[in-house]
Structure formats: C-alpha cells, structure tokens
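Have your viewer open and follow along.

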Amino acid sequence: MSGSRNGRAPADLFLRIVSGELPATIVHSDDLVVAFEDADPQAPVHVLVVPRERHETVAELAAAAPATLARLVEVAQRVADERCGGHFRLVFNTGEDVGQSVPHVHGHVLGGRGFTWPPG
C-alpha cells in the first residue's frame with residue numbers, strides 16, 4: 001500500500017475510508033460500523049467490517065465499546081447471509097506477526113468457498 005512503512009499501512013487508512021476520503025466499495029454503513037470489499041480478496045467473498053472509531057485490537061474494542069463489537073458481528077452475519085448463504089469465517093488478526101497490517105480493528109468476512117482447518 002502506498003505510504004506504508006515496514007510493510008504496515010498508514011494508521012489512519014481505515015479512518016480515511018470510513019470518512020470517504022479514500023475510495024472503497026462500501027457494502028454497509030451505519031453509525032457504528034462500515035463494511036467494504038477487501039482490496040486484495042483472499043476468497044470469493046472478502047469484506048472488511050470496521051468500527052467508525054479507531055481501536056487497535058478486537059480486545060480493545062470489546063473492552064471500550066462492546067455494543068460496537070456486537071454490531072460488527074451482526075453486520076458480518078448480514079454480509080454473509082447476502083453473499084454466501086450465511087456460511088462464513090470471521091477473522092480478527094491482532095499483531096503484525098499474524099498479519100494485522102492496519103492498526104485499526106477489522107473483521108474479515110470470508111466465504112464463498114470451502115476452508116481447511118487449521119488455517120495458515
């Protein structure tokens with residue numbers, strides 16, 4: 001991504017998408033969360049759901065704004081219902097070592113194909 005350092009995206013990337021400053025294919029927007037198609041999809045359905053307020057990790061979001069986390073999961077289910085028959089994987093990465101490239105919590109809604117276990 002342009003403007004990244006050490007492989008990490010700028011800290012405000014998702015806030016810039018949420019505000020409309022950067023383009024994205026928005027699939028849902030409300031007062032708590034925004035969902036948009038991933039720019040580098042890893043499955044036929046790959047949508048990111050992000051809170052409007054910045055929290056770095058899902059644990060931080062759960063502690064600070066549990067209603068927002070609940071809404072994020074509700075929207076993930078809605079996206080999956082609409083796009084892949086309700087079958088989906090919801091992934092939160094926490095930390096660079098496991099793939100978190102933007103320090104703003106985001107749920108990856110993945111679906112539209114079979115997945116193996118364990119992942120990775």
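A residue counts as buried when its relative accessible area is under 20% and as exposed when that area is over 50%. Keep in mind that this is a predicted model.

With that cut-off, is H55 buried or exposed? Its relative accessibility is 13%, so H55 counts as buried. H55 sits in the loop between β3 and α2 (58–64). Beyond its neighbours within four places in sequence, H55 is in contact with E60, L61, A64, A65, P103, H104 and V105.

**The sheet**

An open sheet is formed by 5 strands in the order β1-β2-β3-β5-β4, with antiparallel pairing. Because β1 (26–29) and β4 (89–91) stand at the edges with a single partner strand each, one side of each is left without a neighbour in the sheet. From one strand to the next, the twist averages 20°.

| Strand pair | Bridges | Direction |
|---|---|---|
| β2 and β3 | 5 bridges | antiparallel |
| β3 and β5 | 5 bridges | antiparallel |
| β4 and β5 | 3 bridges | antiparallel |

For landmarks to click on, V33 stands opposite P51 in β3, L48 is opposite H108 in β5, and R89 is opposite L110 in β5.

**A covered strand**

Why is β3 described as largely enclosed by the rest of the structure? The reason is that 7 of the 7 residues of β3 are buried. In a regular strand, side chains alternate between the two faces of the sheet. Both faces of β3 are covered: V45, V47, V49 and P51 are buried on one side, and H46, L48 and V50 are buried on the other.

In soluble globular proteins, nonpolar side chains tend to be buried together. Here the largest nonpolar core has 16 residues, and V47, V49, L61, V75 and V109 have the most contacts inside it. The elements giving two or more residues to this core are β2 (33–37), β3 (45–51) and α3 (66–84). The largest share, 7 residues, comes from α3.

Leaving aside neighbours within four places in sequence, V109 is in contact with V45, H46, V47, V49, A76, V79, A80, F88, R89 and L90. A second, separate core of 9 residues includes L13, V34, L48 and V50.

Conventions:
Residues numbered from 1 in each chain as written. Predicted model: local features only at pLDDT ≥ 70, side-chain atom pairs only at ≥ 80, totals over all residues. Heavy atoms only, no water. Core = buried A, V, L, I, M, F, W, Y, C linked by side-chain atoms within 4.5 Å. Buried < 20%, exposed > 50% of the residue type's maximum accessible area, 1.4 Å probe, protein only. Helix = DSSP H or I, 4+ residues; strand = E, 2+ residues; numbered from the N terminus. Contact = heavy atoms within 4.5 Å. Pairing = 2+ DSSP bridges. Axes fitted to C-alpha atoms, helices over the stretch in contact; angles between N-to-C directions.
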